[in-house]
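This report describes a protein model in terms of its helices, its aromatic residues and its contacts. Please consult the sequence and the structure below while reading.

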Amino acid sequence: MIAARNTIRSAAALYPAIRRPPGHLASSPPAGSASRPLSAAPEDAAEQQQQQHLRHSFTALLPTMSPKVRRLFDLTNSSSSERHKINRKISMEKFRLREGDTGSSAVQVVAMTEKIEQLRIHLATHKKDHNTKRGLEKMVARRRKMLQYMERRDFDAYARVVKGLGLVIPPKQKKK
């Protein structure tokens with residue numbers, strides 16, 4: 001039981017869009033920590049938006065759902081691929097230029113960054129997975145080239161993406 005509880009906590013730390021249901025074992029705060037009561041309203045819009053994400057895009061039916069059905073379709077009950085998909089969708093919405101934008105450079109960089117983070121988490125566990133490591137290196141190079149393109153073409157979007165994703169760009173090396 002303790003191992004299952006630790007797994008749930010670590011999964012919630014990896015996937016910020018996941019909200020645990022109120023009666024869940026891991027949802028109780030550690031002893032001595034102060035937190036708002038479970039019945040209180042969310043403090044900011046970002047926290048409220050995170051609560052709205054459900055599996056299989058059932059967010060439109062949210063007002064009519066009973067609490068039991070809502071818990072059933074909550075992200076805590078989803079597979080890791082569903083969680084990755086939702087997290088990618090949330091982060092892509094921040095940088096899109098219009099509705100349904102999946103092809104702009106900024107959105108492509110965000111999608112690549114999400115995949116890179118997935119692969120880094122995988123490689124932290126599976127250190128000898130050399131094929132995945134090679135794929136990760138290729139994806140990082142592709143993202144770097146896309147960022148260089150953005151820097152040349154649209155510096156404002158480049159700066160917004162780099163700052164928004166918290167990327168650290170190494171200084172350019174001088175050609176000899």
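## The aromatic pair

The structure holds 1 aromatic pair. It is formed by Phe155 and Tyr158, whose rings are tilted, at 5.6 Å centre to centre and with 40 degrees between the planes. Rings of Phe, Tyr and Trp (its six-membered ring) pair if their centres lie within 6.5 Å; planes under 30 degrees apart count as stacked, over 60 as edge-to-face and the rest as tilted. Phe155 and Tyr158 are 3 residues apart in helix α7, so about one helical turn separates them.

Phe155 counts as partly exposed, at 48% relative accessibility, whereas Tyr158 is buried, with a relative accessible area of 8%. Buried means under 20% relative accessible area, exposed over 50%, and partly exposed in between (1.4 Å probe, protein chains only).

## Basis of the model

This is a predicted model, in which local features need pLDDT of at least 70 and side-chain atom pairs count only at pLDDT 80 or more, while totals for chains, interfaces and linings use all residues. Residues are numbered from 1 along each chain as its sequence is written, and side-chain values use heavy atoms, with hydrogens and water left out.

## Overall organisation

The protein chain has 7 helices and 0 strands. Helices (H or I, at least four residues) and strands (E, at least two) are DSSP runs, numbered from the N terminus. Of the 176 residues in the protein chain, buried residues make up 28%. Among contacts with a separation of 6 or more, 43% are accounted for by residues 24 or more positions apart; contact means heavy atoms within 4.5 Å.

## Helices α6 and α7

The axes of helix α6 (residues 130–153) and helix α7 (residues 155–165) come within 6 Å and cross at roughly 135 degrees. The two helices are therefore oblique to each other. Axes are lines fitted to C-alpha atoms, for helices over the stretch in contact, and angles run from 0 to 180 degrees between N-to-C directions. Angles under 35 degrees count as roughly parallel, over 145 as roughly antiparallel, 65 to 115 as roughly perpendicular and the rest as oblique.

From α6, the residues Leu147, Met150, Glu151 and Arg153 meet Phe155, Ala157, Tyr158, Val161 and Val162 in α7. The residues of this contact divide into 7 nonpolar, no polar and 2 charged. Ala, Val, Leu, Ile, Met, Phe, Trp, Tyr, Cys and Pro count as nonpolar, Asp, Glu, Lys and Arg as charged, and the others, Gly among them, as polar. The buried residues of α6 include Leu147 and Met150, and also Thr132 and Arg143. What covers the buried residues of α6 includes α5 (105–125) and α7.

The 16 residues of helix α4 (residues 80–95) should span 22 Å at 1.5 Å a residue, and its end C-alpha atoms are 23 Å apart, which agrees. The expected span of a helix is 1.5 Å times one less than its number of residues. Among the buried residues of α4 are His84, Ile86, Ile90, Met92 and Phe95. The buried residues of α4 pack against α5 and α7.

Arg88 lies in helix α4. Not counting residues up to four places away in sequence, Arg88 touches Ala111, Glu114, Lys115 and Gln118. Arg88 and Glu114 are 26 residues apart in sequence and 6.1 Å apart in space, C-alpha to C-alpha.

Thr102 lies in the loop between α4 and α5 and is exposed, with a relative accessible area of 56%. Thr102 touches Met92, Val107 and Gln108, not counting residues up to four places away in sequence. Thr102 and Met92 are 10 residues apart in sequence and 7.9 Å apart in space, C-alpha to C-alpha.
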